[in-house]
Amino acid sequence: MRFARLRLNGFKSFVDPTDLVIHDGLTGVVGPNGCGKSNLLEALRWVMGENRPTAMRGAGMEDVIFAGSGGRGARAFAEVALSIDNSERLAPSGFNEADQLEVVRRITRDAGSAYRVNGREVRARDVQMLFADASTGAHSPALVRQGQISELINAKPRARRRILEEAAGISGLYQRRHEAELR
Ligand code: ATP
Ligand code: MG
């Protein structure tokens with residue numbers, strides 16, 4: 001699975017609809033301080049099911065909605081859409097019916113988050129599973145925040161093992177086993 005496109009609308013500083021095509025290979029995001037580079041990576045993590053407002057540098061999840069600035073009023077919702085090239089058909093079963101997957105997360109101030117995959121309404125958990133199996137995901141070790149390397153070095157063995165399991169793409173299996181045991 002390869003990220004092909006990221007679209008933002010009302011997410012943090014991206015008040016106007018923004019469409020980013022992600023090409024093969026290395027992508028660099030450059031710009032002056034405060035222009036929204038980190039917000040872009042947060043959008044990527046958010047659409048993959050991140051549910052901790054602190055990981056979005058906010059107090060509540062609705063803080064990702066454009067709050068108004070430069071004479072422009074606050075928005076009522078934020079939406080991020082991630083298009084994934086699935087032509088190699090590596091998506092987990094249940095999501096593996098198309099060459100192109102589009103995952104959309106939308107949040108409104110009153111109603112919280114809703115997710116869709118190729119237009120079909122799904123649960124947050126389904127989206128988290130989709131990316132857990134592909135060893136990407138909101139908690140993916142592929143997304144390295146500032147200070148995270150020293151966190152890894154200082155982590156307790158159990159926490160470090162969780163990171164390695166996520167990298168190996170087996171954390172989705174553990175979640176499924178846990179749920180099966182609860183049934
Ligand atoms: P640096 O180079 O300093 O790391 P950056 O390019 O990573 O900067 P970001 O941290 O992504 O910048 O963007 C910060 C900007 O986003 C700030 O100007 C902040 O006011 C704005 N911002 C964050 N959340 C919102 C929001 N909900 N509504 C409007 N603007 C927001
Ligand atoms: Mg930054």
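How many other C-beta atoms lie within 10 Å of K37, and is K37 buried, exposed or partly exposed? I counted 14, so K37 is partly exposed. My scale: a residue is buried if 20 or more other C-beta atoms (placed from the backbone) lie within 10 Å of its own, exposed if 12 or fewer, and partly exposed in between.

Ground rules before going on. This is a predicted model, so local features need pLDDT of at least 70 and side-chain atom pairs count only at pLDDT 80 or more, while totals for chains, interfaces and linings use all residues. Residues are numbered from 1 along each chain as its sequence is written, and chains are lettered from A and ligands numbered from 1 in the order in which they are written.

**Around ligand 1**

I looked up what surrounds ligand 1 and got 15 residues, with N33, K37, S38, N39 and A67 as the closest. To be near, a residue needs its C-beta atom, placed from the backbone, within 6 Å of the molecule. By class I noted 4 nonpolar, 8 polar and 3 charged residues in that shell. Here Ala, Val, Leu, Ile, Met, Phe, Trp, Tyr, Cys and Pro count as nonpolar, Asp, Glu, Lys and Arg as charged, and the others, Gly among them, as polar.

I then checked N33, which sits in the loop between β2 (18-21) and α1 (37-47). It counts as exposed because it has 5 C-beta neighbours inside 10 Å. K37 belongs to helix α1. Helices (H or I, at least four residues) and strands (E, at least two) are DSSP runs, numbered from the N terminus. Leaving out residues up to four places away in sequence, K37 touches V29 and G31; contact means C-beta atoms, placed from the backbone, within 7 Å.

**Strands**

Next I followed β4 (residues 100-108), which pairs with β5 (residues 112-117) in the antiparallel sense over 6 bridges. Pairing takes at least two DSSP bridges between two strands. I found I107 opposite S113 in β5, and a hairpin of 3 residues joining β4 to β5. Y115 has V122 in β6 as its bridge partner.

**Core**

Last, I looked at the largest nonpolar core: it has 29 residues, and A43, V47, V64 and V80 touch the most other members. Such a core is a set of buried Ala, Val, Leu, Ile, Met, Phe, Trp, Tyr and Cys residues joined through C-beta atoms within 7 Å.

Terms used:
Contact = placed C-beta atoms within 7 Å.
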